[in-house]
Amino acid sequence: MTADDTAATGRRPAAPADLSTQAVLEVDLDAVVANYRLLAAKVGDRTVCAPAVKADAYGLGMALVAPALFAAGARLFFVAHLAEGLALRALLPEAEIAVLNGLVGPEVADIHAAGLTPVLNDMGAIALWRAEGHGRPAFVHIDTGMNRLGLDPDAAKALIERPDLLDGIALRGWMSHMACADTPGHPLNVQQLSLFHLLLRNLPQAPGSLANSSSIFLGAPYHFEIARPGCALYGINPTPAAANPMRAAVRLLAPVLQVRTVSHAGTVGYGATARVEPGQRLATISIGYADGFLRCLGNGVSLALDGRPVPVVGRVSMDLVTVDVSDLPEGSVVPGASRVEVLGETVTVDTLAAAAGTIGYEILTALGSRFRRDYHSSEFPECASSRRSAAPS
Ligand SMILES: *Cc1c(COP(=O)(O)O)cnc(C)c1O
């Protein structure tokens, strides 16, 4: 394996100004906004559609995604961490921001200073907010079947008997979270729903919030007053058993660094896990597991070039992946000019997730920091931007 076609021709095409050896992550803010509107229409006027923008808006970049959603009408947002809430407050002075991971104590001052709304997950947090919340709003999270976060149902029943334990708290809402909403027939769905209904009927009056993205598609009984979609906004299929109703919101394009025609039978990459034969054409692209292209995707998934499948050959390296471009017309794959679609309309986030044995959430939140990020919006051009990553590549 010797021939480097680039070296052989001795010339390197002039790269357009926007091309480099850095991969480009294109975020389609119009798609995020369209997804938001689809979900808001699905839950209807009586339910507030409150985006989950935790984990940097699932890896897409909260700094640009959240203002676009605000411009589209979203007023209530959910984050996981206090630090995310503080960052979001700096972006959106007027939004209502709820912090899911709760209240332990030392962060009360920050919560007040930034005007955040804590989600109270246990009786200790409830007592703390009674004492130090100055009558400001808070959600209370009740665990109805995940056994993960929130008051267990017995504590919720204690509140039914002693509603005075909530005195002095402006109750913004009761929330709970669904464990199996992406599996419509799962028996836990109706169990959680009926328990939540039962509790809401007996607890002090406040808006209810149960639905994540998938729950929105389980139907109106799951919607209550506030829905909290995340993944569907970002293009992940909330209905895995059916066609994806959402628009793809990200494209990740990795430039071709080198093209070679194999001259001798051999192997590709670390561990010599893939055999190649003379005449086979390989392209090496600028992406790797350090960018969130998971190492388990080696020797498996097909990426796309000019809409044609280009299978990954050999292991995924930290900064590089090799694909087989033998099926593309000779000369059509050009280092510095050709870019392989790693994520997008052809290689969807759910396709990549299935190939990696994971879920779209992990694919998006694993996206690295070495990309140039281009944010497009035709409707809210003030939200668009192009930025090189801070991290050197
Ligand atoms: C992340 C999260 C959401 C959003 O869930 P998706 O499945 O991404 O729509 C909603 N509620 C809670 C409590 C969450 O942690």
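Helix α8 passes helix α9 in a left-handed crossing, where left-handed says that the near helix is turned anticlockwise from the far one by less than a right angle, and right-handed that the turn is clockwise. α8 covers residues 153–161 and α9 covers residues 187–202; their axes come within 9 Å and cross at roughly 20°. The axes are lines fitted to C-alpha atoms, for helices over the stretch in contact, and the angles run from 0 to 180 degrees between N-to-C directions. Helices here are DSSP runs of H or I with at least four residues, numbered from the N terminus. The pair α8 and α9 therefore counts as roughly parallel (angles under 35 degrees are roughly parallel, over 145 roughly antiparallel, 65 to 115 roughly perpendicular, and the rest oblique).

Before going on, keep in mind that this is a predicted model: local features need pLDDT of at least 70, side-chain atom pairs count only at pLDDT 80 or more, and totals for chains, interfaces and linings use all residues. Numbering runs from 1 along each chain as its sequence is written, and side-chain values use heavy atoms, with hydrogens and water left out.

So who touches whom? On the α8 side you'll find Pro-153, Ala-156, Lys-157 and Ile-160, which meet Leu-195, Leu-199 and Asn-202 of α9; contact means heavy atoms within 4.5 Å. By class, that contact has 5 nonpolar, 1 polar and 1 charged residues (Ala, Val, Leu, Ile, Met, Phe, Trp, Tyr, Cys and Pro count as nonpolar, Asp, Glu, Lys and Arg as charged, and the others, Gly among them, as polar).

Now over to α4, residues 62–71, whose axis comes within 10 Å of that of α2, residues 29–43, crossing at roughly 45°. That pair is therefore oblique, and its crossing is right-handed. Leu-29, Val-32, Val-33 and Tyr-36 of α2 meet Leu-64, Val-65, Ala-68 and Leu-69 of α4, giving 8 nonpolar residues, no polar and no charged.

α4 also pairs with α5, residues 82–91: these axes come within 10 Å and cross at roughly 55°. Here, Met-62, Ala-63 and Ala-66 of α4 meet Glu-84, Ala-87, Leu-88 and Leu-91 of α5.

Last stop, the ligand. It has 14 residues around it, the closest being Lys-54, Tyr-58, Ser-213, Cys-231 and Tyr-361 (near means a heavy atom within 4 Å). A polar side-chain atom of Tyr-58 sits 2.5 Å from a ligand oxygen atom, while a backbone N or O atom of Cys-231 lies 2.8 Å from an oxygen atom of the ligand.

Key. Helix = DSSP H or I, 4+ residues; strand = E, 2+ residues; numbered from the N terminus. Polar contact = N/O pair within 3.5 Å; in protein donor to acceptor, adjacent residues only side chain to side chain.
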